[in-house]
Amino acid sequence: MSEERILGLDFGSKTVGVAVSDPLFLTAQGVEIIRREKESKLRQTFARIKELIEEYHVTEIVLGYPKNLNGTEGDRCEKTNAFKADLENKFSLPVTLWDERLTTVSADKVMMESNIRREHRKEYVDEIAAMFILQGYLDYKRKE
C-alpha cells in the first residue's frame with residue numbers, strides 16, 4: 001500500500017508552485033515550479049500535475065485562492081475557479097480552495113531571512129508560497 005499525500009498548488013499567470021504533504025499530513029515540502037510561456041497554455045501544466053499525482057499518490061489537492069487583502073475576489077479568483085474546475089474534471093480528486101493572502105509576502109520574508117539574494121527569489125517564491133498554502137491547510141485539518 002503506497003502512502004497517500006495532499007498536493008498544494010499556487011496557481012499564477014505563468015507558473016504553478018507545487019508542494020506535497022508528508023504521508024502523515026503534518027508538513028508541506030516544496031516540490032517544484034511548473035512554468036509555461038503563456039497564461040492560456042495549460043496542457044503541459046496538467047500533464048505535469050498528472051505525473052505528480054501518480055508519483056506522490058495524491059488523494060486531494062489544495063489550491064491557493066488569491067483574494068484581495070480586503071477579502072474581495074478579483075480577476076485572479078475567476079481564473080483560479082476555472083483552474084479548480086479543470087483540475088476536478090481531469091483528475092476526479094477533491095480540490096479545496098485555500099485563502100492564500102500574504103503567502104507570497106511570507107515566502108519573501110523566509111527567503112530574506114535565509115539570505116537568498118533578491119535577484120534569485122523569483123525562482124523560488126511560487127514553490128515556497130505553495131508550501132505555505134498547503135501547510136496552512138494541514139494545520140487547520142489537524143486542529144479540526
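Residues count from 1 along each chain as its sequence is written. Because the model is predicted, local features need pLDDT of at least 70, side-chain atom pairs count only at pLDDT 80 or more, and totals for chains, interfaces and linings use all residues, while side-chain values use heavy atoms, with hydrogens and water left out.

User: How many residues of strand β2 are buried?
Analyst: Strands (E, at least two residues) and helices (H or I, at least four) are DSSP runs, numbered from the N terminus. Buried means under 20% relative accessible area, exposed over 50%, and partly exposed in between, with a 1.4 Å probe and protein chains only. Both faces of β2 are covered, with T15, G17, A19 and S21 on one side and V16, V18 and V20 on the other. β2 is largely enclosed by the rest of the structure, because its buried residues come to 7 of the 7.

User: Which residue in β3 stands opposite T15?
Analyst: Two strands pair if DSSP finds at least two bridges between them. β2 pairs with β3 (residues 28-35) in the antiparallel sense over 7 bridges. In that pairing, the residue opposite T15 is R35.

User: What is the nearest side chain of opposite charge to R36?
Analyst: R36 sits in the loop between β3 and α1. Lys and Arg count as positive, Asp and Glu as negative, and His and the chain ends are not counted. A salt bridge needs a side-chain nitrogen of Lys or Arg within 4 Å of a carboxyl oxygen of Asp or Glu. Buried R36 has none, and at 5.7 Å away, the nearest side chain of opposite charge is E39.

User: How far apart in sequence are the parts tied together by E32 and R48?
Analyst: The side chains of E32 and R48 meet in a salt bridge at 2.7 Å, N to O. E32 lies in strand β3 and R48 in helix α1, so the separation of the parts they tie together is 16 residues.

User: Which residues are joined with K79 into one network?
Analyst: K79 and E39 meet in a salt bridge at 3.3 Å, N to O. K79 also forms one with D75, the closest N and O atoms being 3.1 Å apart. Salt bridges that share partners join K79 into one network with E39, D75 and R76.
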